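Here are my notes on the model, as numbered points. Please read them with the coordinates open.

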Amino acid sequence: MRDITVGVVAPAYVNVPLWVAQRRGFLAARGLHATERILGTTHGVTGALRNGEVDIALTAPEGSIADAAAGGPLRVVAGLIDRPPLSMIALPAHRAFSDLRGGRIGTSSLTEGTRHVAEAMLAAHGLRYPDDYDFALEGSHVERWKALQAGTIDAALQMIPYDEIATDAGFTNLGPVTEEFALNAACVNRDSSERQVVTHFLQALAEATEWFRGHTEEAAAIGAGRTSIEPRYALRACQALTADGVIPRDLRPGPAALAAAVDALRHGGLIEHSGLVEADSGDPATAAFDWSYLG
């Protein structure tokens, strides 16, 4: 059995396919034993992948895209989430997006992940960074929920099922993310990863994802066993994840979701406009993306 380490931000429900692959034997059938390493932030996961501390990362793809655009070895090799299962949760006193003006928005990173999704969502409601609000680096959605409860931030994008937990606790749900965005992906370091190991891992993950779609209640039980979430919330989270358009079929991300991530990096000045193929070209096969690992 080959032991591999998988870097993740937190024990989030977007990792249910990984938990299924571990629990149902899809990884073992391919001679793999995967251990999660929880790193707390998206840039922490990217850093661990760059330094060879993890074999595979399940995280926001922006760090790997930026690394590849700069000539680095990181690559995005599969898509895990095309439509972010997130909602903007605010303190009970805030009833509309306009109430967030002058506030602090919690995020897991200032360069990756929810920061870009939150910025786009707030811009759609007339709030611009940095003129109208500040970002507060709080960590994963679990840490952001703690910050919301403590009142040290005004709002944050919250992952399922924490959005429902917060709403039931009296916090304001200003609405879900509705746009496509490549929020979570499988990323590797070409200098330190073994192609066959990565391919076998992705095959197991894809098989687990298909099983998940047809066994939502059983997958929810697995998720509840891996977290401190009540079973009813675990089931709602799994039902949301198996909705059409959230997890891409065969782990092949949609061009629109990838383009949104690339555009966010360009908008933030994190990659040059010439660093990747133009997003509207319809061709996401750039230096950062290598789908050959999918087999």
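1. The charged end of Arg195 lies over the ring of Tyr293, 4.0 Å from the ring centre. The rule asks for NZ of Lys or CZ of Arg within 6 Å of the ring centre and within 35 degrees of the ring normal.

2. A word on provenance. This is a predicted model, in which local features need pLDDT of at least 70 and side-chain atom pairs count only at pLDDT 80 or more, while totals for chains, interfaces and linings use all residues. Residues are numbered from 1 along each chain as its sequence is written, and side-chain values use heavy atoms, with hydrogens and water left out.

3. Next, the aromatic rings. Rings of Phe, Tyr and Trp (its six-membered ring) pair if their centres lie within 6.5 Å; planes under 30 degrees apart are stacked, over 60 edge-to-face, and the rest tilted. The count by this rule is six aromatic pairs. Tyr129 and Phe135 make a tilted pair, with 4.9 Å centre to centre and 45° between the planes. Phe289 and Trp291 are stacked, because their centres are 5.6 Å apart and their planes stand at 15°. Ring pairs also link Tyr129, Tyr133 and Phe135 into a cluster.

4. How exposed are these rings? Buried means under 20% relative accessible area, exposed over 50%, and partly exposed in between (1.4 Å probe, protein chains only). Tyr129 is partly exposed, at a relative accessible area of 33%. Phe135 is buried, at 12%. Phe289 and Trp291 are both buried.

5. Helices (H or I, at least four residues) and strands (E, at least two) are DSSP runs, numbered from the N terminus. Two strands pair if DSSP finds at least two bridges between them. Strand 6 (residues 103-107) and strand 7 (residues 133-137) are parallel, with five bridges. Phe135 in strand 7 is the bridge partner of Ile105. Between these strands the chain passes through helix 4 (residues 114-123), and the β-α-β crossover is right-handed. That label applies if, with the strands pointing away from the viewer, the path from the first strand over the helix to the second runs clockwise.

6. Helix 4 itself deserves a look. Eight of its ten residues are buried, so helix 4 is largely enclosed by the rest of the structure.

7. Five strands form an open sheet in the order 2-1-3-10-4. Strand 2 (32-38) and strand 4 (74-81) are at the edges with a single partner strand each, so one side of each has no neighbour in the sheet. Neighbouring strands are turned by 25° against each other on average, direction ignored; the axes are lines fitted to C-alpha atoms, for helices over the stretch in contact, with angles from 0 to 180 degrees between N-to-C directions. Inside the order, strand 3 (residues 56-59) and strand 10 (residues 184-189) run antiparallel, joined by three bridges. Thr59 is opposite Ala185 of strand 10.

8. How many disulfides are there by the rule? A disulfide is a pair of cysteine sulfur atoms within 2.5 Å, and the count is zero. Cys187 is buried at 0% relative accessible area. Cys238 is buried, also with a value of 0%.

9. Last, Leu241. This residue is in helix 9 (residues 231-241). Leu241 is buried, at 0% relative accessibility. Its C-alpha atom is 9.3 Å from that of Thr216, 25 residues away along the chain.
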